[in-house]
Amino acid sequence: MDLPKRPCLLAFCRHTPRFDEAFRAELRGLGTPLFAFAPESGIVFGADDEPRDVGPRPELWRAHGAGKAALTVVLLDEKHRVRLRRDAPEAEATLLAAIREAGRSVRAGPRGIGRRELLVNSLAVALGAAVLQACASSRPAPDAKPAGATADLIDVALVVNGVERRLRVEPRVVLLDALRENLGLTGAKKGCDMGQCGACTVLADGQRVNSCLKLVAQLEGARITTIEGLARGGELHPMQQAFLQQDALQCGYCTPGQILSAVALLQEGKPKDDDDIRERMCGNLCRCGAYPNIVAAIRDVAGRA
Amino acid sequence: MRLFTFQRAGSVDEAVASGSSAAFLAGGTNLVDLMKIEVLNPERIVDVARLQLAKIEIRDRTLEIGALASNSAVAEHPDVRRGAPGLSEALLSGASPQLRNAATVGGNLLQRTRCAYYRDLATRCNKREPGSGCDAMDGWTRMHAVLGVSDKCIAAHPSDFCVALYALDAVVRVRGPAGEREIPIGDLHLLPGDHPEQEFSLRPGELITGVRVPIDGLAPRSRYVKVRDRQAYAFALASCAAAVQVQGGIVRGARFALGGVGTKPWRVPEAERSMEGRPANRETFASAAEIALRGAKPRRDNAFKVELAKRTAVRALMSSAEVAS
């Protein structure tokens with residue numbers, strides 16, 4: 001992929017750094033992409049996304065004269081002009097310390113800046129400044145663990161779509177992320193990630209819930225049903241079939257959540273009328289506006305019950 | 001979300017003994033949300049979700065609701081619908097079915113404000129960061145409070161359920177290191193004053209175990225009216241829980257509380273007393289609503305709430321008194 005048309009950080013590491021969970025956690029929510037390159041690989045850490053592979057990109061190494069120091073960090077502005085550049089003798093400790101410091105300064109400020117672009121810019125600057133400062137004053141202490149950076153992992157056994165699954169996760173991992181990242185069940189979608197859009201709806205012990213707000217640590221023994229678990233032996237669930245027949249989707253992103261929510265709705269009680277369906281589906285947003293056909297699909301299945 | 005240590009409490013005693021620095025976690029619909037955006041950053045979480053505190057029953061004309069009963073369970077319970085319909089209506093008017101399945105009574109009592117500035121780390125907020133200032137004051141104030149405000153905070157209390165509990169004279173039961181005690185619901189929430197960061201009268205380590213609602217002559221007549229920007233799944237611009245007892249066309253007793261307009265659910269005893277002995281009609285209710293909104297301090301975008309709250313109150317009182325509008 002090309003570099004985005006906004007401020008971003010490039011980190012060239014002579015040895016592949018271990019981007020463990022603690023490191024990734026520090027990056028989340030910073031709002032500024034970090035491209036981390038090693039000789040054989042490249043990863044981009046977006047603001048909210050999981051890290052993505054972007055390949056080693058030797059041309060960028062050449063363009064920025066990287067590889068002589070253990071770590072070279074470059075801050076680019078939105079026109080890809082180099083704004084700041086620094087070399088450091090230590091890669092991993094420096095980078096992690098810098099990211100953590102940037103996280104702190106980003107959380108502490110900036111104040112009173114509302115516009116998205118300004119915010120992203122200042123986040124990039126905070127991150128860049130912190131990386132550069134850490135590069136300059138890097139005093140790696142391999143045995144000193146930063147406070148709060150380690151948490152005991154928790155073992156949780158739960159039943160997902162009828163199959164017992166064992167997870168070993170940090171306590172802060174929510175069900176949605178565990179389904180998608182640990183169990184490979186990507187049917188539950190991450191929309192708002194704050195319990196408002198319903199794209200992540202699953203059934204937990206038969207009840208519809210927002211999986212983005214459920215800590216896995218609280219779910220020992222719970223029975224989870226995702227969209228992958230609705231069909232029976234190759235035959236679609238009646239609600240899935242009805243969504244197809246009524247063309248109850250456009251882009252499809254909200255559809256797994258809509259279908260699970262609709263299945264639960266009928267289990268909770270037969271809807272009185274279309275208004276009742278709309279009210280009881282209020283926790284599932286559809287940005288394409290497929291609502292009329294979603295209501296029709298639910299009405300169809302309700303009528304057959 | 002920042003890292004924290006996680007511990008599952010096996011009993012209420014164990015939870016209470018786990019120390020005052022821990023945050024209790026039940027349904028997660030509020031706390032996990034706020035932890036994700038790093039507004040709340042507890043270092044220790046004690047999971048109380050599986051404690052045996054989910055019972056709902058009426059005993060001796062008192063509705064007992066366990067702190068871990070879900071919003072859905074309370075709203076659908078036949079005793080609640082019969083004994084305190086306003087409570088059920090308030091719950092069903094809030095959030096979405098998914099959230100109501102997860103959210104619990106205890107969490108709802110401690111629900112944090114939806115003030116956009118409180119939730120945005122890039123702005124100043126005295127509640128989130130004491131003494132830092134308040135960017136809401138001269139910001140976008142359409143959703144903010146007009147009653148109970150201070151020069152430090154104008155964040156509106158978001159709960160529907162609490163509004164109904166105020167009107168029903170509920171009592172909150174808590175267990176702490178020093179034993180059990182009961183807190184009248186009106187004393188649970190603190191006005192912002194000079195310290196908006198102090199939101200509750202709970203002492204360190206105290207766990208809410210349930211609420212008690214007297215099923216008196218008024219509770220079965222309770223109603224909840226909510227006005228919002230959307231028909232569903234939106235926080236109140238103004239809401240009112242009301243319960244009126246009428247005999248021969250005369251108000252014998254009345255209680256009402258307002259939501260969406262106060263820094264906590266808003267009840268004015270003087271407004272309630274003003275209705276007693278007067279005919280159950282629009283005039284009586286309107287003058288009570290007028291008293292309830294006395295001292296309202298609107299800001300740039302929320303002056304409409306003063307009139308809206310009065311009309312909402314009148315509608316709720318008429319509905320409870322079964323006076324045709």
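Biologist: Why is Arg44(B) called partly exposed?

Modeller: A residue is buried if 20 or more other C-beta atoms, placed from the backbone, lie within 10 Å of its own, exposed if 12 or fewer, and partly exposed in between. Arg44(B) has 14 C-beta neighbours inside 10 Å, and therefore counts as partly exposed. The model is a predicted one, in which local features need pLDDT of at least 70, side-chain atom pairs count only at pLDDT 80 or more, and totals for chains, interfaces and linings use all residues. Residues are numbered from 1 along each chain as its sequence is written, while chains are lettered from A and ligands numbered from 1 in the order in which they are written.

Biologist: Where does Arg44(B) sit, and which residues is Arg44(B) in contact with?

Modeller: Arg44(B) belongs to strand β3 of chain B, residues 44–47. Helices (H or I, at least four residues) and strands (E, at least two) are DSSP runs, numbered from the N terminus. A contact requires C-beta atoms, placed from the backbone, to lie within 7 Å. Leaving aside neighbours within four places in sequence, Arg44(B) is in contact with Phe4(B), Thr5(B), Ser21(B), Ala22(B) and Ala23(B).

Biologist: Why is Tyr233(B) counted as buried, and why is Asp205(A) called partly exposed?

Modeller: Tyr233(B) has 20 C-beta neighbours inside 10 Å, so it counts as buried. Asp205(A) has 13 other C-beta atoms within 10 Å and is therefore partly exposed. Tyr233(B) lies in the loop between β9 (223–227) and β10 (238–247) of chain B, and Asp205(A) in the loop between β9 and β10 of chain A. Neither is a glycine, yet the phi of Tyr233(B) is positive, about 55°, and that of Asp205(A) is positive, about 50°.

Biologist: What makes α7(A) largely enclosed by the rest of the structure?

Modeller: 11 of its 14 residues are buried, so α7(A) is largely enclosed. Among the buried residues are Ile259(A), Leu260(A) and Val263(A). The cover over the buried residues of α7(A) includes β9 (201–204), β10 (207–210), α6 (238–245), α8 (274–280) and α9 (291–304) of chain A, together with α6 (97–102) of chain B. After α7(A) comes Gly269(A), with a positive phi near 155°.

Biologist: What makes a set of residues a nonpolar core, and which residues touch the most other members of the largest one?

Modeller: A nonpolar core is a set of buried Ala, Val, Leu, Ile, Met, Phe, Trp, Tyr and Cys residues joined through C-beta atoms within 7 Å. The largest has 160 residues, of which Val216(A), Ala241(B), Ala313(B) and Leu317(B) touch the most other members. Helix α12 of chain B (residues 304–321) supplies the largest share of this core, 8 residues. A second, separate core of 22 residues includes Phe45(A), Val73(A), Ala88(A) and Leu96(A).

Biologist: How do you know that the radius of gyration of chain B agrees with that of a compact globule?

Modeller: The radius of gyration is taken over C-alpha atoms, and the globule rule is 2.2 Å times the number of residues to the power 0.38. For 325 residues the rule gives a value near 20 Å; chain B has 19 Å, and therefore agrees. Buried residues make up 57% of chain B.

Biologist: How many residues of chain B are in contact with chain A?

Modeller: 28 residues of chain B are in contact with 35 residues of chain A. On the side of chain B that touches chain A, α6(B) gives the most, with 5 residues.

Technical notes. Contact = placed C-beta atoms within 7 Å.
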